[in-house]
Amino acid sequence: MPCGPGAKLRRHVEPARPRPFRRPPPPRRFASALYEGCLLFGVTFLAGYLFITLSQSRWPMPPERLLAFRLYLFFVVGLYFVWFWRRGGQTLAMKTWRIRLVGADGGAVALLPALLRYLLLWTPMLPAAAALVALPAQPLLALPALLGTVLLQWGWALVDRERQFLHDRLLGTRLVAA
């Protein structure tokens, strides 16, 4: 039996309980997404400049090079997100708006869920992309599909009991207030 000053304190201290995750409010998540778009403009501009310079391309690009360019940008943006999600759970915009991506256990996101999250983020965009490919001369026809995408992703988060996005619900990841 322990004796001395503070012995009673040590006996009655309970182990710390894990705090429940605090959800970032939807306006903060939306502001973070808008800021992320601004940052991605810079990332894709620099990556595009490097591609065009190193491949000595001219605009308009031939279709096979344009496909390579789009796949390259898809890879670069994916690398940006997966890198930051794996290293601290925050992109630059998420740091600014104090939002963190965590795994199901509250820890860092593993590589496979981070990759799948990036891919799942793009799946609602497929109708808009299909409209652009099918009707390249009329890009405004893709606008309703794009608006539907935004409504689907954000609408799910508004009706979900924990206000999580569908891709986070499927993968067991979550956005928490940092």
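I call a residue buried under 20% relative accessible area, exposed over 50% and partly exposed in between (1.4 Å probe, protein chains only). I am working on a predicted model, where local features need pLDDT of at least 70, side-chain atom pairs count only at pLDDT 80 or more, and totals for chains, interfaces and linings use all residues. Residues are numbered from 1 along each chain as its sequence is written, and side-chain values use heavy atoms, with hydrogens and water left out.

I looked up Leu 119 and found a relative accessibility of 43%, so I log Leu 119 as partly exposed. Leu 119 sits in helix H5. I take helices as DSSP runs of H or I with at least four residues and strands as runs of E with at least two, numbered from the N terminus.

**Entry: helix packing**

I checked H3 (residues 63–86) against H5: the angle is about 135 degrees, and the axes are 9 Å apart. H3 is therefore oblique to H5. I use roughly parallel for under 35 degrees, roughly antiparallel for over 145, roughly perpendicular for 65 to 115, and oblique for the rest. Axes are lines fitted to C-alpha atoms, for helices over the stretch in contact, with angles from 0 to 180 degrees between N-to-C directions.

Next I took H2 (residues 26–54) with H3. Their angle is about 135 degrees, with axes 10 Å apart. H2 is therefore oblique to H3.

**Entry: the loop between H2 and H3**

I found Pro 60 in this loop. A cis peptide bond joins Trp 59 to Pro 60, with omega about 5 degrees. Gln 56 lies in the loop too. Gln 56 is not a glycine, yet its phi is positive, near 50 degrees. I note Gln 56 as exposed because its relative accessible area is 69%. Most residues other than glycine have a negative phi, and most peptide bonds are trans.

**Entry: Arg 98**

I placed Arg 98 in the loop between helix H4 (92–96) and strand S1 (99–102). Arg 98 has a positive phi of about 55 degrees.
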